[in-house]
Amino acid sequence: MTFRSHMETALAEARAAAARGEVPVGAVVVDPAGREVARAGNRTRELSDPTAHAEILALRAACAAAESERLPGHALYVTLEPCAMCAQAIAFSRIARLYYGASDPKSGGVAHGARVFTHPQAHHVPEIYPGIAEEEAAALLRDFFAARR
């Protein structure tokens with residue numbers, strides 16, 4: 001199988017989230033055959049739910065489709081470095097590969113902050129590929145917050 005990035009789909013979800021007034025983060029879950037099985041953008045404000053991050057929503061939808069709490073062999077594409085909550089959900093779901101765009105030095109939980117996957121308590125550690133479409137993902141966030149200042 002040839003590698004294909006699904007970050008453009010995640011970016012489209014992030015743009016849709018921004019249009020709804022949500023922080024522009026998008027996520028896509030891809031099955032082992034390379035098919036997109038779930039996609040989501042942030043909906044924390046819309047759902048009045050602090051856990052409604054794009055990654056969590058996409059993982060929930062993918063798990064529902066698979067009728068399993070685990071997604072071995074699946075990949076997750078997300079436009080922003082996952083926070084600690086999302087990183088732990090990624091570990092619990094046994095995602096095989098994590099691709100993310102922009103780094104998040106303030107709230108990230110993968111390469112920054114909690115660094116969830118470096119702890120011995122991490123149930124599972126995915127392969128991690130940072131910096132995919134990083135500039136575009138970072139620009140979406142910068143523009144979103146600049147418009148609110």
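1. Residues count as buried under 20% relative accessible area, as exposed over 50%, and as partly exposed in between. That scale is used throughout this note on a predicted model.

2. Start with E8. E8 has a relative accessible area of 46%, so E8 is partly exposed. The side chain of E8 meets that of R15 in a salt bridge, 2.7 Å from N to O. R15 is partly exposed as well, with a relative accessible area of 33%. The structure holds six salt bridges.

3. The general idea is simple. Side chains of opposite charge can pair when their charged atoms come close.

4. How do α1 and α5 pack? The angle between α1 and helix α5 (residues 134–147) is about 5°, and their axes are 11 Å apart. The two helices are therefore roughly parallel, since angles under 35 degrees count as such. From α1, the contact uses E8, L11, A14, R15 and A18. From α5, E136, A137, L140 and F144 take part. By type, the contact of α1 with α5 has six nonpolar residues, no polar ones and three charged ones.

5. An α-helix has 3.6 residues a turn, so residues three or four places apart point the same way.

6. Next, E46. What does E46 pair with at 3.5 Å? E46 forms a salt bridge with R20, and 3.5 Å separates the closest N and O atoms. E46 lies in helix α2 (residues 44–47), while R20 lies in the loop between α1 (7–19) and β1 (26–30), so this pair ties together parts that are 26 residues apart in sequence. Both partners are partly exposed: E46 has a relative accessible area of 45%, and R20 has one of 31%.

7. E46 has another partner. R43 forms a salt bridge with E46, with the closest N and O atoms 2.4 Å apart. R43 counts as partly exposed, at 27% relative accessibility.

8. Now a further helix pair. Helix α3 (residues 54–66) packs against helix α4 (residues 84–93) at an angle of about 20°. Their axes lie 9 Å apart. The pair is therefore roughly parallel. The crossing of α3 past α4 is left-handed. Which residues meet there? E55, I56 and L59 of α3 meet M85, C86, A89, I90 and S93 of α4. This contact divides into six nonpolar residues, one polar and one charged.

9. Look at α4 from the inside. Its buried residues are C86, A87, A89, I90, A91 and S93. C86, A89, I90 and S93 are also among the residues of α4 that meet α3. The cover over the buried residues of α4 includes α3, β3 (75–80) and β4 (97–102).

10. Is A96 buried or exposed? A96 is buried, with a relative accessible area of 19%. Beyond neighbours within four places in sequence, A96 is in contact with L71, G73, H74, H124, P126 and E127. H6 is 90 residues from A96 in sequence, and their C-alpha atoms are 15 Å apart in space.

11. Positive phi values turn up in other loops. R115 is a residue other than glycine, yet its phi is positive, near 45°. R115 belongs to the loop between β4 and β5 (127–129). Its relative accessible area is 41%, so R115 is partly exposed.

12. A133 is not a glycine, but its phi is positive, at about 55°. A133 is found in the loop between β5 and α5. With 32% relative accessibility, A133 counts as partly exposed.

Key
Residues are numbered from 1 along each chain as its sequence is written. This is a predicted model: local features need pLDDT of at least 70, side-chain atom pairs count only at pLDDT 80 or more; totals for chains, interfaces and linings use all residues. Side-chain values use heavy atoms; hydrogens and water are left out. Axes are lines fitted to C-alpha atoms, for helices over the stretch in contact, and angles run from 0 to 180 degrees between N-to-C directions. Helices (H or I, at least four residues) and strands (E, at least two) are DSSP runs, numbered from the N terminus. Angles under 35 degrees count as roughly parallel, over 145 as roughly antiparallel, 65 to 115 as roughly perpendicular and the rest as oblique. A crossing is left-handed if the near helix is turned anticlockwise from the far one by less than a right angle, and right-handed if clockwise. Contact means heavy atoms within 4.5 Å. Ala, Val, Leu, Ile, Met, Phe, Trp, Tyr, Cys and Pro count as nonpolar, Asp, Glu, Lys and Arg as charged, and the others, Gly among them, as polar. A salt bridge is a side-chain nitrogen of Lys or Arg within 4 Å of a carboxyl oxygen of Asp or Glu. Buried means under 20% relative accessible area, exposed over 50%, partly exposed in between (1.4 Å probe, protein chains only).
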